[in-house]
Amino acid sequence: MTRLFIDTELEAELQEVYMQATHWLQDISFLETETQFFQTLVARYKPAVASGQSQPFEELIKTQQDRLKTLKARIPQFLAFVEPCLDDLKKPLHIDFLERYNALQKELTGLFAAAKATKKQLFDYTGRLLPAGQ
């Protein structure tokens with residue numbers, strides 16, 4: 001009876017991890033939309049600024065897009081890694097399961113923090129470019 005409880009608990013935990021990883025793909029989609037917005041904002045104000053002042057933002061956005069692209073590829077790989085464990089609870093979990101999960105979660109958290117910081121910097125920057133009263 002205890003074994004059944006453990007298997008059921010393990011199955012619930014694995015399903016929760018799997019569901020969270022699928023939600024990460026939605027988070028990635030949101031962050032992609034944010035970075036596209038950032039690009040649009042930089043392009044819109046680029047003519048209003050001195051040459052080269054928008055370049056740090058362009059590089060920052062490009063770096064974030066590269067990180068998003070990499071993470072977007074790694075999440076389906078992680079899902080494929082977890083799926084066999086869901087189908088067969090007797091299959092042993094690899095030691096790197098938690099490491100992979102934590103690394104993905106940390107990267108996504110870092111991307112959200114970077115997007116928030118970029119947004120603040122861009123809004124501060126464009127706010128300085130607008131004449132007072134607009």
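The pLDDT is the predictor's confidence in each residue, on a scale from 0 to 100. The structure described here is a predicted model, and its chain has an average pLDDT of 84. A score of at least 70 is reached by 85% of the residues. Residues 1-6 fall below 50, and beyond near neighbours in sequence this stretch makes one contact in the model. Where pLDDT is low, the predicted coordinates should not be read in detail.

## Overall layout

The chain contains three helices and zero strands. Followed along the sequence, its pattern is α-α-α. The chain has 134 residues, of which 28% count as buried. Among the contacts between residues at least 6 apart in sequence, 84% join residues at least 24 apart.

## How H2 and H3 pack

Helix H2 spans residues 55-87, and helix H3 spans residues 96-129. Because an angle over 145 degrees counts as roughly antiparallel, H2 is roughly antiparallel to H3. The crossing of H2 past H3 is left-handed. The residues of this contact comprise 19 nonpolar, five polar and five charged ones.

Thr118 itself lies in helix H3. Its relative accessibility is 1%, so Thr118 counts as buried, the cut-off for buried being under 20%.

Gln64 is placed in helix H2. With a relative accessible area of 4%, Gln64 is also buried. Setting aside neighbours within four places in sequence, Gln64 contacts Thr35, Phe38, Leu111, Ala114, Ala115 and Thr118.

Thr35 belongs to helix H1, which covers residues 2-45. Is Thr35 buried or exposed? Its relative accessible area is 3%, so Thr35 is buried.

Phe30 has a relative accessible area of 43%, so Phe30 is partly exposed. Leu25 is partly exposed too, with a value of 30%. Both values lie between the 20% limit for buried and the 50% limit for exposed. Apart from residues up to four places away in sequence, Leu25 touches Lys72, Ile75, Pro76 and Leu79.

| Pair | Separation in sequence | C-alpha distance |
|---|---|---|
| Thr35 and Leu68 | 33 residues | 9.5 Å |
| Phe30 and Phe112 | 82 residues | 9.8 Å |
| Leu25 and Leu71 | 46 residues | 9.0 Å |

For Leu25, the residues touched include Lys72 and Ile75.

Key:
Residues numbered from 1 in each chain as written. Predicted model: local features only at pLDDT ≥ 70, side-chain atom pairs only at ≥ 80, totals over all residues. Heavy atoms only, no water. Helix = DSSP H or I, 4+ residues; strand = E, 2+ residues; numbered from the N terminus. Buried < 20%, exposed > 50% of the residue type's maximum accessible area, 1.4 Å probe, protein only. Axes fitted to C-alpha atoms, helices over the stretch in contact; angles between N-to-C directions. Parallel < 35°, antiparallel > 145°, perpendicular 65-115°, else oblique. Left-handed = near helix turned anticlockwise from the far one by under 90°. Nonpolar A, V, L, I, M, F, W, Y, C, P; charged D, E, K, R; others polar. Contact = heavy atoms within 4.5 Å.
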